[in-house]
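Dear colleague,

I am passing on the structure we spoke of, with notes on what turned up in it. Please have it open while you read.

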Amino acid sequence: MHMSLNKTLISFTLGCGVLASGTAWSADYPSKAIRLIVPYSAGGGADNAARIIAKALGDTLKRPIVIENKAGASGSIGATQVARAPADGYTLLYDASSFSINPVLRKLPYDPLKDFIAVSKVVSSPYLMVVPANSPYDSVKSYVDAAKASPGKLTFASYGIGSPVHIVGELLKQETGVDIVHVPYKGGAPALVDVMGGVVDTYFANAASAISYIRGKKLKALATTAAKRSSDLPEVATMTEQGVKMDVSEWNGIFAPAGTPEPIISKLSQAIDTALKDPATIKQLNNLGMQVEGSSPEAFKSFIANELTRWDAVAKKNNIRLD
């Protein structure tokens, strides 16, 4: 009886010690630099935004945020690395719309909802349906009418099969019933060049990559895919305004490995919120054609779940699968 009581007391004491050390560890976070894995190439839209946000977040947390680019497989290589990283808050993922598209197109070594904690949606940027500057199409209706008159003749570009802009093109087909041909490229830059040259008829370009060409009269924007018109191009009507039901934007967000302690997630969430309210940071992101978002972990998780459901339906209806 006496020995049993002693064992109970020892176990209780050790348990309290673990809890106390865990609480102290969380309270000290961060005590060193944080790695922010960007699963895309340096110099791209997500990478540029990540570097701006990392600087502001580092200033807020008073610790360096070190960007590491781990490109490949539409972002899934870098995401896999973070999913397998220690859940201590020192390895985070900065991902984009592909995060919620990859799982419905291919088998992955991780589950987007079970293996990650969605910390915050940070920015969004609408897609712009662009055509060559000398294109005969001046509205979505004129393009759709031409496509219906000549099934299988008109084309749309993307930066790869299964990429977000490919899926947006498939969504246009789904909503309008047009038969247009997908032309995949190995990147957004060559796709834009061929649209400007009239090799392909249209492309759903990220606003950040297309605005300068639109203002320079090298491209013509028929519509924005977002729910509201862009403040940068207020003259460009939305797809919905032109009779095509669509509300799609490129988004970026920050994730942590599943199992990361709640106090760390809470601290990160608060720090990201503070960083995204910095006027200089907002201006820099706006200059990239991005709108600052910011969200709670709960709201971001719900958003991701809805995106997965949405794109799964589009992929199944259009028979898109990569494995």
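Predicted model: local features only at pLDDT ≥ 70, side-chain atom pairs only at ≥ 80, totals over all residues.

The mean pLDDT of the protein is 90, and 92% of its residues reach 70 or more. Residues 1-15 are another matter: their pLDDT is below 50, and the stretch has zero contacts in the model beyond near neighbours in sequence. Over residues 17-25 the pLDDT also stays under 50, and here the model has four contacts beyond four places in sequence.

The largest pocket holds about 920 Å³ of space. It is lined by 37 residues, of which Tyr-40, Gly-44, Gly-45, Tyr-159 and Gly-188 are the closest to its centre. Helix 2 (45-61), helix 7 (188-196), strand 7 (202-206), helix 8 (207-215) and strand 9 each give two or more residues to this lining. By class, the pocket lining has 19 nonpolar, 16 polar and two charged residues.

How many cavities of 30 Å³ or more does a search of the whole structure find? There are two.

The largest cavity has a volume of about 50 Å³. Its lining is made up of Ser-97, Ile-101, Tyr-127, Pro-164, Ile-167, Val-168, Val-248, Ser-249, Trp-251, Glu-307 and Trp-311. Helix 6 (164-176), strand 9 (249-257) and helix 11 (297-317) supply at least two residues each, and the largest share, three residues, comes from helix 6. Eight of the lining residues are nonpolar, two are polar and one is charged.

The second largest cavity contains about 40 Å³ of space. Around it are Pro-112, Leu-113, Phe-116, Ala-118, Phe-255, Lys-301 and Ile-304. Strand 4 (116-132) and helix 11 are the elements that give two or more residues to this lining. The residues here divide into six nonpolar, no polar and one charged.

Finally, helix 9 (residues 262-275) passes a simple check on length. At 1.5 Å a residue, its 14 residues should span 20 Å, and the C-alpha atoms at its ends are 20 Å apart, so the two values agree. Which residues of helix 9 are buried? They are Ile-264, Ile-265, Leu-268, Ser-269, Ala-271, Ile-272 and Ala-275.

Regards

Conventions: Residues numbered from 1 in each chain as written. Heavy atoms only, no water. 1 Å grid on protein atoms, 1.4 Å probe; cavity = no way out; pocket = protein on both sides within 12 Å on 5 of 7 lines; lining within 4 Å. Points joined across faces, edges and corners; volume = space filled by probe spheres on them. Helix = DSSP H or I, 4+ residues; strand = E, 2+ residues; numbered from the N terminus. Nonpolar A, V, L, I, M, F, W, Y, C, P; charged D, E, K, R; others polar. Expected span 1.5 Å × (residues − 1). Buried < 20%, exposed > 50% of the residue type's maximum accessible area, 1.4 Å probe, protein only. pLDDT = per-residue confidence, 0-100. Contact = heavy atoms within 4.5 Å.
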